[in-house]
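The structure is shown below.

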Amino acid sequence: MDPVTIAAAIATTRTLVKSAKGVKDIAQGLDQLFKAQEEEQKAEKGKPKSRTQQVINIRAKEGDEAFDDETSLGSVAADVLEKEQIARNLKALQREIDNKWGKGTFKKIEVERSKRIAEKHKKKREAQQEAQRRAEEEKSFWKRIALETVKAISLIVFVGGGIYLLMFLKDMQ
């Protein structure tokens with residue numbers, strides 16, 4: 001996700017805040033915003049040149065090879081400026097939400113979202129542990145079945161051998 005996507009999500013949410021009657025009306029916009037932020041954190045470096053980075057590269061007289069270098073002036077400046085712009089827009093969105101629904105509402109939304117994400121991860125971990133436990137139980141069950149089958153076959157062979165031995169001894173008399 002590029003900074004443009006985050007900026008678009010912020011702009012969309014700000015528009016929704018102006019016309020919203022309740023927090024539910026902006027839920028989708030906030031969801032898109034938070035998702036865009038998460039994906040931005042996971043994004044790879046090799047992203048396309050932003051207009052800001054192109055302008056800075058031209059003014060700093062850096063060539064196209066400087067784009068691939070994440071330590072070039074253009075790359076560093078573009079990253080810093082884009083992050084600052086996003087932070088400023090996010091602050092404006094936070095102010096608008098707090099003004100409309102009371103001070104601290106945006107912070108409460110972030111805290112509640114963090115709690116729900118943590119709970120979701122916890123449930124996912126528990127489900128994985130439960131699946132692993134069930135798999136181990138099933139493996140143990142089949143091992144037990146195999147062992148009992150071997151015992152039963154051994155018993156049948158032993159009894160059958162005993163009967164054969166008795167019949168052989170009777171025939172010898």
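Which side chain meets that of glutamate 130 in a salt bridge? In this predicted model, the partner is arginine 134, at 3.6 Å from N to O. Glutamate 130 and arginine 134 are 4 residues apart in helix α6, so about one helical turn separates them. Glutamate 130 is partly exposed, with a relative accessible area of 30%, and arginine 134 also counts as partly exposed, at 46%.

| Salt bridge | N to O distance |
|---|---|
| Lysine 123 and glutamate 119 | 3.4 Å |
| Glutamate 130 and arginine 134 | 3.6 Å |
| Lysine 151 and glutamate 148 | 3.5 Å |

Lysine 123 and glutamate 119 lie 4 residues apart in helix α6, about one helical turn. Lysine 123 counts as exposed at 52% relative accessibility, because the cut-off for that class is over 50%; glutamate 119, at 44%, is partly exposed. Lysine 151 and glutamate 148 are 3 residues apart in helix α6, again separated by about one helical turn. Salt bridges with shared partners link Glu130, Arg133, Arg134 and Glu137 into one network.

Helix α6 spans residues 105–172 and contains leucine 155, which counts as exposed at 55% relative accessibility. Leu155 belongs to a nonpolar surface patch with Phe158, Val159, Ile163 and Met167, and together these residues have about 550 Å² of accessible area.

Elsewhere, alanine 11 is found in helix α1, residues 3–19, and is partly exposed at 40% relative accessible area. The C-alpha atoms of alanine 11 and leucine 90 are separated by 9.2 Å, although these residues are 79 apart along the chain.

Note on methods. Residues are numbered from 1 along each chain as its sequence is written. This is a predicted model: local features need pLDDT of at least 70, side-chain atom pairs count only at pLDDT 80 or more; totals for chains, interfaces and linings use all residues. Side-chain values use heavy atoms; hydrogens and water are left out. Patches are made of residues with over 30% relative accessible area and no salt bridge: like charges are joined within 9 Å, nonpolar side chains (Val, Leu, Ile, Met, Phe, Trp, Tyr) within 5 Å. Accessible areas come from the Shrake-Rupley method with a 1.4 Å probe; for residues, only the protein chains shown count as cover. A salt bridge is a side-chain nitrogen of Lys or Arg within 4 Å of a carboxyl oxygen of Asp or Glu. Helices (H or I, at least four residues) and strands (E, at least two) are DSSP runs, numbered from the N terminus. Buried means under 20% relative accessible area, exposed over 50%, partly exposed in between (1.4 Å probe, protein chains only).
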